[in-house]
Amino acid sequence: VLPSPDGPMPSVSITEIRQYLRAQDIPFHDGYSCLHTPSLFTGDRGDQPLSANAPFTLFIDKTTGSFLCTATLAEGTWQDFQANVEMRHRGVTPIPPASSEETEEEMRQAREDARCIWERALPLWELLDEKETKETKALFGISQVTDATLKRFGVRYLRTARSLVFPWFSPQDATLKGLKLLRVEKKGGTITYVEETLPRFDSYRNLFGLPLIGRRDTELVLTGWELDALALHQAAGVASVALPRGASCLPPTLLPYLEQFKRITLWLGEDLRSWEAAKLFARKLSLKRCSLVRPGNLQPRPLEALNQGLNVTKILRSAMLASHKSIVSFRQLREEVFGELVNTEQVSGVKWARFPELNKLLKGHRRGELTIFTGPTGSGKTTFISEYALDLCMQGVCTLWGSFEINNVRLAKIMLTQFAGRRLEDQLELYDEWADRFEELQLYFMTFHGQQNIKTVIDTMQHAVYMYDITHVVIDNLQFMMGHEHLSMDR
């Protein structure tokens with residue numbers, strides 16, 4: 001089943017949330033991106049009022065109203081939260097919203113698989129001979145990373161898959177909850193890194209390095225890659241964590257774990273896409289506490305900076321504040337303008353891999369631009385646009401489809417066929433393999449069909465942008481979405 005944003009959530013404003021908490025006598029304080037309250041799911045039960053002395057371990061997202069209790073890992077929507085408060089008033093023990101039995105079973109199986117892999121993997125410094133250790137480290141570009149750093153973060157090596165293994169430990173009881181495997185593929189002269197996670201990406205909530213952070217730490221560097229987190233800790237001794245899906249998204253469920261930090265520096269990578277992502281994530285995390293490391297020749301990604309012997313602490317100190325005032329002078333823009341001139345190729349956007357002619361016309365996919373494809377019925381608009389969107393999606397551009405004309409099952413079938421590059425109806429035994437790979441793409445579908453109320457569609461898009469960091473939205477097609485009676489008005 002393809003992940004789809006659940007129907008538009010009944011929206012709730014931060015004012016309503018605050019009013020409700022006050023009316024219910026629930027103590028809270030304002031955090032950066034969440035409100036903090038004592039948890040309904042721990043400690044004193046029944047109709048006792050929640051004590052302001054209890055630890056504030058329940059976090060309510062200011063944008064969506066969703067909650068997460070970091071002590072019990074109970075999570076749910078704003079409606080679930082209200083239902084639990086009502087239950088508590090009636091003296092009933094609140095129960096965390098349950099996921100389906102199927103999902104529970106899948107997660108249990110994934111954890112079991114992860115445990116087996118973890119037990120087979122070896123610490124890198126325990127490989128039989130020094131030569132193998134050196135070769136492995138060189139392959140991943142971590143020759144400068146010491147054994148002490150690898151040991152501290154618990155990185156291991158799985159010989160059979162020639163992969164580094166990064167563990168994901170539960171922040172509450174340090175049990176192993178999942179893994180990320182990283183292997184290197186060489187094609188000609190280029191090196192690509194291939195990642196695989198257990199459990200699957202959509203339920204992979206890891207912030208690599210989180211268990212190593214103390215309660216009193218107030219500063220953090222957020223990176224887009226596990227090896228960067230290692231390099232940062234080693235070179236600058238700073239608290240650093242890596243996002244599970246790199247610069248492509250910051251899932252809102254991770255925000256509660258980042259609330260304790262007064263200052264967060266985002267150093268996500270060395271290209272303009274990671275710079276754009278850093279600016280987007282800073283808005284989620286609250287601009288006033290975020291600083292950004294601008295990518296450039298003298299400021300590559302942290303691992304590269306360590307390998308080149310650059311002064312990592314100095315780079316961190318030069319990070320720009322994310323919040324700028326409403327009026328700026330050229331002096332403040334100067335660095336950004338220089339960055340655009342140096343990276344002209346990247347400024348023009350994400351290039352299509354399969355459409356060189358399109359790159360000549362459009363240069364690439366850039367945020368904030370609208371492209372309209374027109375043509376008579378049956379001329380292949382949907383077929384082409386699904387190929388065009390898939391091309392970007394395979395390069396990590398998070399995509400949301402609103403298919404108002406053909407249903408999602410048919411659209412997904414077209415895209416899966418294009419993705420596999422073969423007729424799967426003739427080779428059904430390959431279906432699961434290709435479907436698994438297709439599921440890893442950050443591709444979401446709106447569940448609307450036929451004519452829709454524009455406001456509902458816009459609300460759903462906004463929700464998806466916040467939840468999944470969508471950077472590319474496809475509407476197919478405008479006429480169906482608007483319905484025929486709107487055609488006379490100014491569209």
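Me: Which residues of helix 6 are buried?
Reply: Glu 226, Leu 227, Asp 228, Ala 229, Leu 230, Ala 231 and Leu 232. After helix 6 comes Gly 237, with a positive phi near 65 degrees.

Me: Before we go on, where does this model come from, and how are residues numbered?
Reply: It is a predicted model, where local features need pLDDT of at least 70, side-chain atom pairs count only at pLDDT 80 or more, and totals for chains, interfaces and linings use all residues. Residues are numbered from 1 along each chain as its sequence is written, and side-chain values use heavy atoms, with hydrogens and water left out.

Me: Ok, what does helix 6 lie across?
Reply: Helix 6 (residues 226-236) lies across strand 8, strand 9 and strand 10, at about 80 degrees to strand 8. Axes are lines fitted to C-alpha atoms, for helices over the stretch in contact, and angles run from 0 to 180 degrees between N-to-C directions. Contact means heavy atoms within 4.5 Å.

Me: What sheet are those strands in, and in which order?
Reply: It's an open sheet of five strands, ordered 6-7-8-9-10, with antiparallel pairing. Strand 6 (122-123) and strand 10 (190-198) are at the edges with a single partner strand each, so one side of each has no neighbour in the sheet. Two strands count as paired if DSSP finds at least two bridges between them.

Me: How many bridges join strand 8 to strand 9?
Reply: Seven, between residues 163-169 and residues 176-187. Phe 169 sits opposite Leu 176, and Leu 164 is opposite Leu 182. The two strands make a hairpin with six residues between them, and Ala 174 in the turn has a positive phi of about 60 degrees.

Me: And strand 9 with strand 10, how many there?
Reply: Nine bridges, again in the antiparallel sense. Glu 185 has Thr 192 of strand 10 as its bridge partner. That hairpin has two residues between its strands, and Gly 188 in the turn has a positive phi of about 60 degrees.

Me: Switching topic: which peptide bond is cis?
Reply: The one from Leu 198 to Pro 199, with omega near -10 degrees. Pro 199 is in the loop between strand 10 and strand 11 (219-223). Most residues other than glycine have a negative phi, and most peptide bonds are trans.

Me: What's phi like at Leu 73, then?
Reply: Positive, about 65 degrees, although Leu 73 is not a glycine. Leu 73 lies in the loop between strand 4 (67-69) and strand 5 (75-76), and is partly exposed at 24% relative accessible area.

Me: Last one: at what angle do helix 14 and helix 15 pack?
Reply: About 100 degrees, with their axes 10 Å apart. That makes helix 14 roughly perpendicular to helix 15 (under 35 degrees is roughly parallel, over 145 roughly antiparallel, 65 to 115 roughly perpendicular, the rest oblique). Among the residues making the contact are Met 415 and Phe 419 of helix 14 and Trp 434 and Phe 438 of helix 15.

Conventions:
Helices (H or I, at least four residues) and strands (E, at least two) are DSSP runs, numbered from the N terminus. Buried means under 20% relative accessible area, exposed over 50%, partly exposed in between (1.4 Å probe, protein chains only).
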